[in-house]
Amino acid sequence: MAGTDFAVNENKSIMYKITSFRKRFTSFEILSAMIIMIGAISMLLPFFWMVLASLKTNAEFYNSTKWIPDRLHWNNYKELLFPEKGFGFLHYFFNTAKVTVLSVIGMVVACTLAGFGFARIKFPGRDLIFAFAVMTMFLPSQVTIIPLFVVFTKLKWIGTHLPLYVPSFFGAAFGIFLMRQFFLTIPSDFDEAAKIDGCGWFGIFRRIHLPLVLSPVITLAILTFQEKWAELLNPMIYIGKKQELWTIVLRIKDISTGQYNSRPELEMAGNLLLVLPVIILFIVAQKYFAQSITSSGVKG
């Protein structure tokens with residue numbers, strides 16, 4: 001009898017778990033999970049194709065029926081990193097890192113200071129100036145190409161890296177908007193208490209506000225890094241044919257320019273090396289990225 005009672009209780013426990021599982025996961029939730037999985041696979045599939053394509057020979061690349069190469073050709077990466085002629089890929093990596101890091105520093109400093117000023121300091125015309133700054137987000141970048149080119153020509157910056165990172169030290173509308181929205185969420189009582197202790201605006205910014213804006217600062221740095229790391233148009237315009245100043249994107253573009261010397265497998269290898277730093281950076285800092293996006297629209 002004791003054994004029978006135990007078996008009955010065990011069956012009841014199993015049926016209860018099955019019932020609670022069905023209640024916990026509705027058909028809508030299961031459908032949502034399936035859609036998310038399909039979306040994730042569709043996004044990852046091109047990345048895996050790029051990885052496999054970078055390890056193919058030239059003949060295998062043009063064979064559309066063969067996804068997986070017969071043998072992994074790591075020589076593609078060796079040829080890309082250490083070519084027999086010209087600069088190696090590490091040279092272009094250094095140029096890209098230089099431009100990107102300086103752009104990130106300039107953008108973070110300029111947008112953080114400007115966002116703090118628009119959010120906390122009252123001065124005549126503040127809201128009107130901020131409105132004009134936000135309006136520039138809707139201005140196509142192509143509109144400013146010619147005026148900026150004329151300005152940089154007058155400054156004799158064409159053929160250098162200066163036009164690629166110096167404008168970042170003047171900020172950008174989205175970065176200013178992002179930082180301002182976050183500064184508005186900080187209680188004004190902190191400012192009043194600091195003023196009583198004798199702090200000026202810069203002291204309030206440095207001692208109180210700056211430690212609290214880590215999430216949006218990291219987000220702004222990630223977005224700027226992503227934009228500058230893979231930027232193509234501006235390097236093409238301002239660097240041109242100076243190969244010693246090329247960034248990674250210009251080198252990748254140059255790989256497959258010849259009609260009878262096409263090397264798409266090297267281009268795929270270069271693209272993989274291009275996106276890896278961005279992927280790693282986003283994975284490391286995704287927590288701060290999500291926090292700042294959710295908090296930037298709390299108060300306007």
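Which helix gives the most to the lining of the largest cavity? Before I answer, please note that the structure before you is a predicted model.

Let me begin with the overall picture. The protein has 15 helices and zero strands. Of its 300 residues, 34% are buried. Among contacts between residues at least 6 apart in sequence, 71% join residues that are at least 24 apart. The protein exposes about 18900 Å², and carbon and sulfur atoms supply 69% of that area.

I return now to the opening question. Helix 5 gives the most to the lining of the largest cavity, with three residues. The structure holds one cavity of 30 Å³ or more, and about 50 Å³ of space lies in the largest cavity. Its lining consists of T96, V99, T100, K228, W229, E231, P235 and T247. As a general point, rolling a probe the size of a water molecule over the atoms shows where empty space is left.

In soluble globular proteins, nonpolar side chains tend to be buried together. Here the largest nonpolar core has 50 residues, and the members that touch the most other members are M179, F183, V213 and I248. Helix 5, which spans residues 89-120, provides the largest share of this core, with 10 residues. Which residues does F183 touch, leaving aside those up to four places away in sequence? The partners of F183 are T112, G115, F116, A119, R120, F205, H209 and V213.

I turn now to the largest pocket. The volume of the largest pocket is about 1100 Å³. Helix 7 (145-154), helix 8, helix 9, helix 12 (214-229) and helix 13 (233-238) are the elements that give two or more residues to its lining. The lining comprises 32 residues, and T144, P167, G171, A172 and E227 lie nearest the centre of the pocket. The largest share of the lining, five residues, comes from helix 12. By class, the lining of the largest pocket has 21 nonpolar, eight polar and three charged residues.

Two loop positions deserve a separate word. The first topic is S168, in the loop between helix 8 (162-165) and helix 9 (173-184). Is S168 buried or exposed? S168 counts as buried because its relative accessibility is 3%, and the cut-off for buried is under 20%. Leaving out residues up to four places away in sequence, S168 touches S103, G106, M107, A110 and K228. One of these partners, K228, also belongs to the lining of the largest cavity.

The other position is I121, in the loop between helix 5 and helix 6 (126-135). I121 has a relative accessible area of 23%, and is therefore partly exposed. Which residues does I121 touch, again without counting those up to four places away in sequence? The answer is F116, R126 and W201. I121 and W201 are 80 residues apart along the chain, and their C-alpha atoms are separated by 8.1 Å. F116, a partner of I121, is also among the residues that F183 touches.

Definitions and conventions. Residues numbered from 1 in each chain as written. Predicted model: local features only at pLDDT ≥ 70, side-chain atom pairs only at ≥ 80, totals over all residues. Heavy atoms only, no water. Core = buried A, V, L, I, M, F, W, Y, C linked by side-chain atoms within 4.5 Å. Buried < 20%, exposed > 50% of the residue type's maximum accessible area, 1.4 Å probe, protein only. Helix = DSSP H or I, 4+ residues; strand = E, 2+ residues; numbered from the N terminus. Contact = heavy atoms within 4.5 Å. 1 Å grid on protein atoms, 1.4 Å probe; cavity = no way out; pocket = protein on both sides within 12 Å on 5 of 7 lines; lining within 4 Å. Points joined across faces, edges and corners; volume = space filled by probe spheres on them. Nonpolar A, V, L, I, M, F, W, Y, C, P; charged D, E, K, R; others polar. Areas by Shrake-Rupley, 256 points an atom, 1.4 Å probe, with all protein chains shown as cover.
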